[in-house]
Amino acid sequence: MTSDLDAPPAPPPAPARPEERLKIVPARRPLTWLAAAIVAVLVAMAGHALVTNQAWDWSVVADYVFADAVLSSIVLTVELTVFGVVSGFVLGTILALMRISRNPLLRSASWTYTWIFRSVPLILQLLFWYNLAILYNELSFGIPFGPSFVSIDTMSLIPPFLAAGLGLGLHQAAYSGEIVRAGFLAVDQGQREAAAALGIPAGRQFRRIVLPQAMRSIVPNAANEIIGMVKNTSQVYVMALPELFYQVQVIYSRNGRVIPLLLVATAWYLLLTTLLSVAQFYVERHYAKGALRTVPPTPLQKARAGLAKLKAAR
């Protein structure tokens with residue numbers, strides 16, 4: 001027999017883990033939950049009003065949302081948007097380079113253009129281009145301040161579509177020039193000086209150093225302007241061009257269904273701007289590669305990560 005004195009000593013108790021020593025209590029945010037409940041109620045009320053109010057005439061919306069006249073007007077809207085955006089940003093880039101030039105005449109001309117076209121409303125500019133034939137019956141080409149060799153009738157040279165595109169593009173250039181100039185100025189001057197010290201040609205400096213960094217500042221603002229251009233095309237209704245808004249007006253002036261036809265236009269504008277917003281996300285993600293260690297995940301990657309978490313939880 002062995003006595004208690006001869007028994008081996010008991011092992012010391014294991015130290016408690018941190019989560020056992022401290023009771024972790026999640027922070028309570030009653031105001032956040034209250035705000036979320038209020039928003040949920042408001043969303044439910046708005047959805048209920050959309051579904052139950054017969055004045056919306058959803059059946060009429062379904063009849064006209066894919067009508068041939070509406071689809072053709074959407075094509076014209078897209079064409080005007082592309083024309084205005086491309087011409088606006090090409091001219092805007094030229095204006096931005098003029099604005100940052102060392103030549104005072106170029107800087108003054110760029111500033112004056114931006115001042116004028118940002119000051120005059122777009123609808124006035126469209127009406128001016130539409131009625132250009134009142135000022136000039138014909139356009140002549142020849143020696144400046146000398147004899148002309150070729151004369152063309154203004155109405156045949158500038159049809160309504162081209163007049164609308166010029167109005168949109170020239171108006172957009174004033175804003176695009178400032179966006180591009182801000183992007184160029186956002187690039188650190190020291191990087192360009194270092195590139196010049198290394199003997200990198202000026203063209204390569206612009207393509208490989210300045211432009212990729214400037215695009216990170218240009219893309220968000222440029223995307224806003226492009227989305228705004230989609231909506232600005234509705235103002236060419238003053239020129240009787242059958243774009244989306246004008247065509248919707250023509251239809252509801254005949255059948256008297258104002259609200260459903262306005263909903264048709266709203267749905268298509270929402271679709272076009274949503275597609276542009278998706279494209280903006282991917283363009284921003286592309287140009288963020290040089291600034292972020294990990295680029296933001298795409299919606300598909302987020303969905304896959306969510307499914308993986310659900311499987312792991314199960």
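Trainee: Which residues lie nearest the centre of the largest pocket?
Mentor: This is a predicted model. The lining of its largest pocket counts 20 residues. Those nearest the centre are Phe89, Met215, Ile218, Ala222 and Ile226.

Trainee: What is the volume of the largest pocket?
Mentor: Take the pocket lined by 20 residues. The volume of this largest pocket is about 380 Å³.

Trainee: How many residues in the lining of the largest pocket are nonpolar, and how many are charged?
Mentor: Two lining residues are polar. None is charged, and the nonpolar ones number 18.

Trainee: Where does UniProt list a transmembrane region, and how far apart are the end C-alpha atoms of residues 71-98?
Mentor: The unreviewed UniProt entry lists residues 31-51, 71-98, 110-130 and 258-283. In the model, residues 71-98 are 100% helix and 0% strand. Their end C-alpha atoms lie apart by 40 Å.

Trainee: Is Ala174 buried or exposed?
Mentor: Ala174 sits in helix α9. Buried means under 20% relative accessible area. Ala174 has 0%, so Ala174 is buried.

Trainee: Which residues does Ala174 touch, not counting residues up to four places away in sequence?
Mentor: Start with Tyr113, 61 residues from Ala174 along the chain. Their C-alpha atoms are separated by 7.0 Å. With that exclusion, Ala174 touches Tyr113, Thr114, Phe117 and Arg118.

Terms used: Residues are numbered from 1 along each chain as its sequence is written. This is a predicted model: local features need pLDDT of at least 70, side-chain atom pairs count only at pLDDT 80 or more; totals for chains, interfaces and linings use all residues. Side-chain values use heavy atoms; hydrogens and water are left out. UniProt positions are given in the numbering used here, feature names are shortened, and annotations may be inferred rather than shown by experiment. Helices (H or I, at least four residues) and strands (E, at least two) are DSSP runs, numbered from the N terminus. On a 1 Å grid over the protein atoms alone, a cavity is a set of points where a 1.4 Å probe fits but cannot get out, and a pocket is an open set with protein on both sides within 12 Å along at least five of seven lines; lining residues have an atom within 4 Å of a point. Grid points are joined across faces, edges and corners, and a volume is the space filled by probe spheres set on the points. Ala, Val, Leu, Ile, Met, Phe, Trp, Tyr, Cys and Pro count as nonpolar, Asp, Glu, Lys and Arg as charged, and the others, Gly among them, as polar. Buried means under 20% relative accessible area, exposed over 50%, partly exposed in between (1.4 Å probe, protein chains only). Contact means heavy atoms within 4.5 Å.
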